[in-house]
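Here is a short briefing on one protein chain. Keep the sequence and the 3D view side by side as you read.

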Amino acid sequence: MKAFLARAGAMRARLLSTLATLFGLLVLTFFIGRVMPIDPVLSIVGPDADASTYREAAARLGLDQPLWVQFGRYLGELAHGNLGTSLLTGNAVSADIARVFPATVELATLAIVLGVLAGVPLGVWAASRRGRLVDHVVRVISLAGHSTPVFWFAMMGLLVFYAWLGWAGGSGRIALAYDGAIPSVTGLLLIDTLLAGHWDAFANSVRHILLPACILGLHSMAYISRMTRSFMLAQLSQEYILTARVKGLSEAAVIWRHAFRNILVQLLTIVALAYGGLLEGAVLIETVFAWPGFGQYLTNSLLLGDMNSVMGCVLLVGVIFVTLNLVSDALYQVFDPRMH
């Protein structure tokens, strides 16, 4: 009973902390957005509109009210699931996010899978051969991948693999010839083309997504491999590793069955944070590749001063990171026996 009550109290505290974090994020974003030197009213009526037209548009948007009234009204709409109307598109913000977010999810998911598949083995390999040539090569690759601007990789990738070699599909998610020909079921183009049985469109969408996903995956791989190497080095210096080797276990068993198992909990957090960063930070890649995703929508909304869209996007980013943290905590229960 004591354990149950302690667990229930911890869950209640975590829930309250989550709600407080999201509310603080809303407050900061709302009031910072209202003092930005971008006037959303001018974006609608234009700089040549007269004063009466400007005042009428401001009143229609509710921007003539005090800030606390505007914020209270926004919270009331939010409580009913209404994120407002986008000045950029004229649509409901929730509908816009539902339209653009799957494109970013598809790109970020493929990128994090590539980053994990490459970064984890490289980090383990480098740690198990500390100080050797392999270790130095992996460290140089990780440093270059993490420090080189991602937009430079994007432009070089387009130049080499699209313009010169013709391997990549270029900008966008799919060729214009297939635009509108694939029914949107999940919003994830790779899955929708498979569901439609349109193999040519599937192959074309793969050609379009591979290059930006590999570039984002390279950036994630660099971070994940560095952290994996660091975690593994800490474990390989422990006494239980020496004991396992003295008992005659193979090096592969020592590394993967003992050392690697003990870094899984830490690695989960790193992968979750990297994935969240890809979901909200793929702005440059989406801009270079004209990828119609969440990052490009948020950037255009910021430039226009469309605070309804910005608030909706920021709230979604906050929910993503909170959810990923909760998922990581839940997975701790699976991989760390000390949590049972």
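Which helices do the buried residues of α7 pack against? They pack against α9 and α13 (283-288). Keep in mind that this is a predicted model. A search of the whole structure finds six aromatic pairs, and the structure also holds four salt bridges. The points below take helix α7, then some of these pairs.

**Helix α7 and what follows**

- The buried residues of α7 are Val150, Ala154, Gly157 and Leu158.
- Helix α7 has 15 residues, which should span 21 Å at 1.5 Å a residue. Its end C-alpha atoms are 20 Å apart, which agrees with that figure.
- Just after α7 comes glycine 166, which takes a positive phi of about 75°.

**Aromatic pairs**

- The ring centres of phenylalanine 101 and phenylalanine 294 are 5.4 Å apart. Their planes meet at 80°, so this pair is edge-to-face. The cut-off for that label is over 60 degrees.
- This pair links distant parts of the chain. Phenylalanine 101 is in helix α5 (residues 93-128), and phenylalanine 294 is in helix α14 (residues 294-304). The two are 193 residues apart.
- Both phenylalanine 101 and phenylalanine 294 are buried.
- Tryptophan 199 and phenylalanine 202 form another edge-to-face pair. Here the distance is 6.4 Å centre to centre, with 85° between the planes.
- Both of these residues lie in helix α9 (residues 199-236). Tryptophan 199 and phenylalanine 202 are three residues apart, about one turn of the helix.
- An α-helix has 3.6 residues a turn, so residues three or four places apart point the same way.
- Tryptophan 199 counts as exposed because its relative accessibility is 57%, and the cut-off is over 50%. Phenylalanine 202 has a relative accessible area of 24%, so it is partly exposed.

- Serine 220 is in helix α9.
- Is serine 220 buried or exposed? Its relative accessibility is 5%, so serine 220 counts as buried. The cut-off for buried is under 20%.
- Leave aside its neighbours within four places in sequence. Serine 220 is then in contact with Ile112, Gly115 and Leu278.

**Salt bridges**

- Side chains of opposite charge can pair when their charged atoms come close.
- Aspartate 96 forms a salt bridge with arginine 99. The closest N and O atoms are 3.3 Å apart.
- These two residues are three apart in helix α5, so about one helical turn separates aspartate 96 from arginine 99.
- Aspartate 96 is at 0% relative accessibility, so it counts as buried. Arginine 99 is partly exposed, with a relative accessible area of 48%.
- Arginine 173 forms a salt bridge with glutamate 106, with the closest N and O atoms 2.7 Å apart.
- Arginine 173 lies in the loop between α7 (150-164) and α8 (189-195), while glutamate 106 is in helix α5. The pair therefore ties together parts that are 67 residues apart in sequence.
- Both arginine 173 and glutamate 106 are buried.
- Aspartate 135 forms a salt bridge with arginine 229, and the closest N and O atoms are 2.7 Å apart.
- This pair links distant parts of the chain, 94 residues apart. Aspartate 135 is in helix α6 (residues 133-147), and arginine 229 is in helix α9.
- Aspartate 135 is buried, with a relative accessible area of 0%. Arginine 229 is buried too, with a relative accessible area of 15%.

Definitions and conventions. Residues are numbered from 1 along each chain as its sequence is written. This is a predicted model: local features need pLDDT of at least 70, side-chain atom pairs count only at pLDDT 80 or more; totals for chains, interfaces and linings use all residues. Side-chain values use heavy atoms; hydrogens and water are left out. Rings of Phe, Tyr and Trp (its six-membered ring) pair if their centres lie within 6.5 Å; planes under 30 degrees apart count as stacked, over 60 as edge-to-face and the rest as tilted. Helices (H or I, at least four residues) and strands (E, at least two) are DSSP runs, numbered from the N terminus. Buried means under 20% relative accessible area, exposed over 50%, partly exposed in between (1.4 Å probe, protein chains only). Contact means heavy atoms within 4.5 Å. A salt bridge is a side-chain nitrogen of Lys or Arg within 4 Å of a carboxyl oxygen of Asp or Glu. The expected span of a helix is 1.5 Å times one less than its number of residues.
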